[in-house]
Amino acid sequence: MKTGTCAPDPWFSPGWFLLVVIAVVAGKLPLFGQGCIAIRGGSACPFHGSATVAGGQQHVDGGYLMGGDWQVSVGYRWLYSDRHFRGDEEEEERQEFGTEVVNDSHFFDLSVLYAITPRWSVGATVPFVYSERSSLYEHPGSGRRMSRASGIGDVRLGAYAWVLDPVEMPRWNLSLGLGPKFPTGEYDATDTFYTNNMPIRGTVDQSIQPGDGGYGFSAELFGFMELMPRTSGYVQGFYLFNPENENGASTTTGRPRRNPHEQVMSITDQYLGRAGLSYLLWPEWGLTLSLGGRIEGIPVRDAIGENDGFRRPGYAIAVEPGLSLAKNHWFFNVSAPVAVYRNRQQSVADKRWTSDTGIHRHGDAAFADYVITASVSRRF
């Protein structure tokens, strides 16, 4: 195997460049969630890369996991969604009159990655979630009350490959990934709801269910390129395919949904896209600043299969600043995507109601203003 022989620049080396890009990216993909748009944690494995150190120096081919290396990551994400949108129009009166729905969700992801060779890796992500949902309409006649759900989410496995030989391509490359998703998370969790002060047991809202109840598979990509010393670009994409239609879970909380096409929960696809730049500020500590754009959402129609049941399709576009550190096989990062555009799209069930009654229907959803994400990884 080729080894690096060039002495690194004191302010930049390709190994540090790739290490930093990975530190910025690693641990972010597993964590999703916008609020009422039911994008859950555990949707993707961590990016498969880190750096090796030989003789105290980063080598040209040292930016990738070597064969036999392990990487363990813990990711966290928090969101607080309370701003309602119908289409891309905000319903400001919801907060003015105190009728907004609030989701307060915490996602934790444990991920393990193993490099079979520098080019091929496999990984697994086990998510955990705790969510609280505060609303009026789910507790009619009883004032604002809380419902909760927690537990393991849907487990994901993944296999990854670099398109180009990592040894030959330290400054730019493209990784592709594919893997199954299993319905290990509870998708019909229940809690107590209050109607006219009488407690009843109902299914919690789809947005705080730990799982979606279906088997699926994901496709993902990650690319990076050195643009100039200490400055790099990255692009990342993820799509979760859920071919199954409905999961059989009722949408009745404290009261049933009015739309007859929304009585059972749909098993939805979901997607994520990211692109941006990172700047290596302090190579000794792998301190990097990043800034990019991000889009994530639930499509109106799945790529494969039927589209019956209840879903809140929509997406959020955010500006994503980030900060990362990489030192002695440890990788830390934190970011705070700030929403700049939100759109709750008209669902298939909305369109069917409109067709049946001649009365236009377009449901709403609550989004977060920003999300806090963080992760820590260790390579062995």
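User: What should I know before reading the numbers?
Analyst: Residues are numbered from 1 along each chain as its sequence is written. In this predicted model, local features need pLDDT of at least 70 and side-chain atom pairs pLDDT 80 or more, while totals for chains, interfaces and linings use all residues, and side-chain values use heavy atoms, without hydrogens and water.

User: Why is F182 called partly exposed?
Analyst: Buried means under 20% relative accessible area, exposed over 50%, and partly exposed in between, with a 1.4 Å probe and protein chains only. F182 has 28% relative accessibility, so F182 counts as partly exposed.

User: What makes Y215 buried or exposed?
Analyst: Its relative accessibility is 51%, and therefore Y215 counts as exposed.

User: Why is the pair of F182 and Y215 called edge-to-face?
Analyst: Rings of Phe, Tyr and Trp (its six-membered ring) pair if their centres lie within 6.5 Å; planes under 30 degrees apart count as stacked, over 60 as edge-to-face, and the rest as tilted. The structure holds 15 aromatic pairs. In the pair of F182 and Y215 the centres are 6.3 Å apart and the planes are at 85°, so the pair is edge-to-face. The pair links distant parts of the chain, with the two residues 33 residues apart. F182 is in the loop between β9 and β10, and Y215 is in the loop between β11 and β12. Strands here are DSSP runs (E, at least two residues) and helices are runs of H or I (at least four), numbered from the N terminus.

User: Why is the pair of W282 and W285 called tilted?
Analyst: Their ring centres lie 6.2 Å apart and their planes are at 55°, so this pair is tilted. W282, at 41% relative accessibility, counts as partly exposed. W285 also counts as partly exposed, at 36%.

User: How do you know that the charged end of R145 sits over the ring of Y194?
Analyst: The rule asks for NZ of Lys or CZ of Arg within 6 Å of the ring centre and within 35 degrees of the ring normal. The charged end of R145 is 4.0 Å from the centre of the Y194 ring and sits over that ring. The charged end of R378 sits over the ring of F380, 4.9 Å from its centre.

User: Which residues of helix α3 are buried?
Analyst: In α3 (residues 348-357), V348, A349, D350 and W353 are buried. G358, with a positive phi near 75°, follows α3.
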